[in-house]
Amino acid sequence: MKTFVAFIRKEFWHVLRDTRSLVILLGLPVVMMILFGFALSSEVKNSNVAILDYSNDDASRLLIDRIDQSQYFSVKERLTSEAQIERVFRRGEARLVIIFPQNFQEDLSHTNQAQVRFIGDASDPNTSNIVINYASSIFRDYQNELTEQKKLPYTIETETRMLYNPQLKSSYNFVPGVMTLILMLLGAMMTSVSIVKEKETGTMEILLVSPMRPLLVVLSKAVPYLFLCFIDVVIILLLAVFLLDMPIRGSLPLLLAESLLFILTTLSLGLLVSAVVDSQQTAMFLSLVGFLMPALVFSGFMFPIENMPLPLQIVSNIVPTKWYYSIVRAIMVKGLGFSYVAKQTLILAVMTVVYLTVAIRKFKIRLA
Amino acid sequence: MSTVRVENIKKTYEKGQVLALDDVSFEVKSGELFGLIGPDGAGKTSLFRILTTLLVPDAGRAEVAGLDVVKDLWKIRQIVGYMPGKFSLYQDLSIEENLNFFATVFNTTVAKNYHLIEEIYVQIEPFKHRLAGKLSGGMKQKLALCCALIHEPKVLFLDEPTTGVDPVSRKEFWDMLDRLKARGITIVVSTPYMDEASRCDRIALIQKGKILELDTLEQIIARHAQNLYAVDADNRYNLMNDLRKNTEIVSAFAFGEEQHVTLPPHFQDEYLSAFLKEKGHTGIKVRKIAPTIEDTFIKLMLENQ
Amino acid sequence: MTKSVIHTEGLTRKFGDFVAVNAITFDVKEGEIFGFLGANGAGKTTAMRILCGLLEPTSGKASVAGYDVYRQNEEIKKHIGYMSQKFSLYENLTVRENIQFFGGIYGLTRKELREKTAVLIERLGLNQEADKLVGSLPLGWKQKISFSVAILHRPKVVFLDEPTGGVDPITRRQFWDMIYEAAHEGITVFVTTHYMDEAEYCDRVSIMVDGTIAALDTPSGLKKQFQVESMDEVFLQLARGAKRGE
């Protein structure tokens, strides 16, 4: 036990003395949060809208005003014919064109049915989706007001609400995403690199020729990274809450406990890599391609998994980040309790045990 | 009594493509300072790694202090000290931190075995807070020796400890080994430098995975007597070329400013003087000399080619 | 009297308060094999870096191949070759590729390169190995190849940093034969080492202690001067007095 403590102390010296890496490890989550939070935000503000209003009545004018007043849109141009629509999109003058048909108000008040056409620029499908959603909600609000005014009984209200994230804030997406990425990076990559470094510099050779069990050597290397990972989780959560105004709806202790589990998963992945790889370069490359890329692609953070072809959906199940991502979203965004994430938790736990067992099995007590 | 016993060890790499050790057998007596002398790639490091349980031989067996290097892995790891060829301490830890760390790894403390390392440690103690990566070659080597000694090993394996170290530190290092030997520690040391052979009790000359000779330095040299002359002349470059071209000469190799020339047994030094005069050399100096270990090694290499 | 290829006069380099090289003065003649010795930290590396045009001196004069180290360091780099045991060849390139690459750095034309490469491979007897990766060759061959590469562009001076450590006695002598041959062809050879047996092969040897040149003579001259049998003992006598170093 004393040996183990001495080992862990030594590992902390290594980590703390490598100031440059330390700055990167602690600075990376901050930079990523700020980048995703502001620069790469998929929220759409002040999108230009062009209007083609064939009816030009009270209802259409009211709606156009509301759209213009909303923080998401500004009405840039009034069109006079459909032939102009293409030009507007080509020049990038508007993201959305709204077409009011003739007799808009009349249709609405007499038949209770009116049609509005939204034409979006789908060369950027994500943005145009969001823009159309925003616009629809403005129309829906208006519709609701009308129905209330008339106090008509038996009106069937169709309502689409964006659950959990009514403003469609992108931080709900990327904060869990950044957490999975950072933990994967720190846990799997840094741990494996630091162990493989001992092989490269030859210190592993001396440690092997000592009565100390090699497994202990390797486990103790993971401890400082466990701490660092945990600090990063806390940093990310603090930034999410105080900088990006993203509340943690569920239980904080549960979120931290699940994060700890995922950290253990990534650390055992790191140990697994270090057991089979002999150079820092390979370890780094393997971690990047083997872990970080799948973490990006298959966690559901950048690309929705439901839209992937079936084989890829199946593949996504073996990527641990997918499960952690869904756990974080469930707790943070949806405010769900443990019973809702029990399945994911179990899967992560099983994965951790498997990785760790294989890592221990593969670990060499000799040089070759 | 033998502390190290190696029997018919064979080791290959890359699925048998590269032969590192070819049927090597030898014994190191208890309390002996034993030298493995041979160039880079001779198989010294492979041998050390087998004896320190880091590698398993393809064939043959080896014992350290009566323990089998394959089966008694953990017991051997308790009693050997090992200094690998490459400097293998933590560059980002200080002298003191490295030493304390390795003491803990071996379940001991620096205080408990300080008497063993004291003589060496006092030389580097003034710099004990300096990071190991910032030390000179000689100091690194002393620190590495301290770390290998801290658990009072019965056998010490030192793989090319003096490579990259200046002559003063090298001499000090060998003096330290003498004192460790006096304490009864068996020491196996490897070196590519022939001049260090004289500091060992017995040596094994090793080349391409085979032991060419094994005995005391004097015995080895005596066993391979040769008709050897040191030759010098004013124009050394021409001297070298003329000697190489003469087919009657067994071998001619530069030894510093002179050429060491081996003649067939019945030839006399007059032969060389006459030959060089005929080639137009001036300032010819020829003297018969006793071979050094390096001459002997060259002779053995030529015979084994 | 042959002319000097390396000339220094009161050459000094300070790092802050620390005087790494303290007013050294010496000359190396054309075609000479000059041994530059010293213990760890004596100032060898600093002095050699100045002479290679990599480091500016604090004061004093120095010229290499007729070029001034202060103003013409780019010219110096064109007229010297450099070989070190630590870095010399790319292990994952073949022998031929290495030769062509290093030749290319010194601006040899395509045709020159092809011819020189062929001649060199022939001379080293490496026809069989020309297209093998350097990493797979024995250390002794690597040393021979890297020396050949260092003098491929016919430099005025070639700097060798501990060139022959660790190889067997025969290969090592073959290597020295190559050095003698280069020197015979007029290339000045500047060897830094702390292996005294390498020093024995030099025409003249200087020994640095604490930033100054403590002795400079032929190996036999030095042995006579210190009344000892080997260069090792000469070195030990001189370096024992060293104050700094470690």
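Between which strand and which helix of chain A is A:Asn103 found? In this predicted model, A:Asn103 belongs to the loop that runs between strand E3 (96-100) and helix H5 (104-111) of chain A. The report returns to this residue after a description of the chain that holds it.

## Chain A

Chain A contains 14 helices and four strands. Its radius of gyration is 27 Å, well over the 21 Å that the globule rule gives for 368 residues, so chain A is more spread out than a compact globule. The C-alpha trace of chain A spans about 90 × 45 × 40 Å along its principal axes. Of the 368 residues in chain A, 36% are buried. Among the contacts in chain A with a separation of 6 or more, 78% are between residues 24 or more positions apart.

Chain A is divided into two parts: domain 1 covers 2-40 + 169-362, and domain 2 covers 47-150. The centres of domain 1 of chain A and domain 2 of chain A, taken over C-alpha atoms, are separated by 45 Å.

## Chain B

Chain B is also described by two domains, with domain 1 at 2-221 and domain 2 at 225-304. The C-alpha centres of domain 1 of chain B and domain 2 of chain B lie 37 Å apart. Where these domains meet, nine residues of domain 1 of chain B are in contact with eight residues of domain 2 of chain B. On the side of domain 1 of chain B that touches domain 2 of chain B, strand E9 (202-207), strand E10 (210-215) and helix H7 (217-223) of chain B each supply at least two residues. H7(B) gives the most to this side, with three residues. By class, the residues on this side of domain 1 of chain B divide into seven nonpolar, one polar and one charged.

Most residues other than glycine have a negative phi.

## Contacts between chains

The contact between chain B and chain A takes 24 residues from chain B and 22 residues from chain A. On the side of chain B that touches chain A, helix H2 (73-79), strand E6 (80-83) and helix H3 (95-105) of chain B each supply at least two residues. H3(B) gives the most to that side, with four residues. The residues on that side of chain B comprise 13 nonpolar, six polar and five charged.

Chain B is also in contact with chain C, through 30 residues from chain C and 26 residues from chain B. At least two residues of the side of chain C that touches chain B come from each of helix H6 (169-184), helix H7 (196-199), helix H8 (219-226) and helix H9 (231-240) of chain C. H6(C) gives the most to this side, with seven residues. By class, the side of chain C that touches chain B has 14 nonpolar, eight polar and eight charged residues.

## Helix H4 of chain C

Helix H4 of chain C, residues 110-124, has 15 residues and reaches 21 Å from its first C-alpha to its last, close to the 21 Å expected at 1.5 Å a residue. Which residues of H4(C) are buried? They are C:Thr117, C:Leu120 and C:Ile121. These residues cover an arc of only 95° around the axis, which puts them on the same side of H4(C). The buried residues of H4(C) pack against helix H3 (95-105) and helix H5 (139-150) of chain C.

The face of H4(C) turned away from its buried side carries exposed residues, namely C:Lys111, C:Glu115, C:Val119, C:Glu122 and C:Arg123. After H4(C) comes C:Gly125, whose phi is positive, near 70°.

How values were computed:
Residues numbered from 1 in each chain as written. Chains lettered and ligands numbered in written order. Predicted model: local features only at pLDDT ≥ 70, side-chain atom pairs only at ≥ 80, totals over all residues. Rg over C-alpha atoms; globule rule 2.2 N^0.38 Å. Buried ≥ 20, exposed ≤ 12 C-beta atoms within 10 Å, placed from the backbone. Contact = placed C-beta atoms within 7 Å. Domains from an automatic or database assignment. Nonpolar A, V, L, I, M, F, W, Y, C, P; charged D, E, K, R; others polar. Expected span 1.5 Å × (residues − 1). Arc of directions from axis to C-beta.
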